[in-house]
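Biologist: Please take a close look at a single part of this model. I would like one connected account of it.

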Amino acid sequence: MSTRILVVYYSATGNTAQLASSLADGAREAGAEVRLRTVAETAPPEAVASNPRWQAYVDAGPHAELATLDDLEWADGLAVGSPTRFGGPAAQLKSFLDTTGGLWFQGKLADKVATSFTTASTRHGGLESTLLAINNIFYHWGAIVLPLGYAEPHLMESGNPYGGSFVSRKSAEPDKEALEALRIQGSRLATISGHIAKGLRGE
Ligand SMILES: Cc1cc2nc3c(=O)[nH]c(=O)nc-3n(C[C@H](O)[C@H](O)[C@H](O)COP(=O)(O)O)c2cc1C
């Protein structure tokens, strides 16, 4: 049975979506079955319209299916990503995560392996605080938090040990170095999730 990986993200202008896609590729390369999902845009139309890049991204969608609670339950491993918003995750992502109370109460999110990723426009603009805030949710679920660390040589150059990240400065798109770190994160998530899931099934 293939390892099942859910990648769920929010993106307003496409950067986090690109990171999510690279992470998903890494998980697939490691042999996992992957569901790449986004969450609903809940911002009012006038807020979206106030930023031409945001409006253009919305107009070009839908970019992925919307994540469901079934996707969360299905997965052995999860990667959750958001742009940094004032040093934390976007409300759109948080709204989805806040619907998981029922699954949490039934213990259905415990023992899944979970990892986080983000993008921010400035180097010290809150990448780590966003990753740690997403990880806080994983602790409450009883999930097994998977950091990126410096697990491969590439990460010594471009990595963020807390999770995949990219500094988008003046709207730059994720570069090769960042996308490679995300690919490594996906591969690592698939590999470790597979070992844990097999162990839990007693295989
Ligand atoms: C409301 C708002 C809040 C933001 N807060 C931060 C922040 O705290 N630190 C930062 O460096 N960038 C911040 N940004 C910039 C975004 O995190 C950045 O542009 C990111 O790459 C966008 O990702 P996306 O293309 O996936 O939406 C903010 C952007 C918006 C619209």
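How many residues surround the ligand, and which are the closest?

Modeller: The model is predicted, so local features need pLDDT of at least 70 and side-chain atom pairs count only at pLDDT 80 or more, while totals for chains, interfaces and linings use all residues. Residues are numbered from 1 along each chain as its sequence is written, and side-chain values use heavy atoms, with hydrogens and water left out.

The ligand is surrounded by 17 residues, and the closest are Ser 11, Thr 13, Thr 16, Thr 84 and Gly 125. By class, twelve of the shell residues are polar, four are nonpolar and one is charged. Here Ala, Val, Leu, Ile, Met, Phe, Trp, Tyr, Cys and Pro count as nonpolar, Asp, Glu, Lys and Arg as charged, and the others, Gly among them, as polar.

Several polar contacts (pairs of N or O atoms within 3.5 Å; within protein, one must be able to donate a hydrogen and the other to accept it, and residues adjacent in sequence count only if both atoms are side-chain atoms) can be listed. Thr 13 places a polar side-chain atom 2.4 Å from an oxygen atom of the ligand. For Gly 14, a backbone N or O atom lies 3.1 Å from a ligand oxygen atom. Phe 86 has a backbone N or O atom 2.9 Å from a nitrogen atom of the ligand. On its own the ligand has 650 Å² of accessible area, and the protein covers 78% of that; accessible areas come from the Shrake-Rupley method with a 1.4 Å probe, and for residues only the protein chains shown count as cover.

Two elements give two or more residues to the shell around the ligand: helix H1 (15–29) and strand E5 (113–120). Helices (H or I, at least four residues) and strands (E, at least two) are DSSP runs, numbered from the N terminus.

Strand E5 also holds Thr 118. Thr 118 counts as buried because its relative accessibility is 0%; buried means under 20% relative accessible area, exposed over 50%, and partly exposed in between (1.4 Å probe, protein chains only). A polar atom of the Thr 118 side chain lies 2.6 Å from the backbone oxygen of Ser 82.

On the H1 side, Ala 30 sits in the loop between H1 and strand E2 (33–38). With a relative accessible area of 39%, Ala 30 is partly exposed.

Note on methods. A residue is near a molecule or strand if one of its heavy atoms lies within 4 Å of it.
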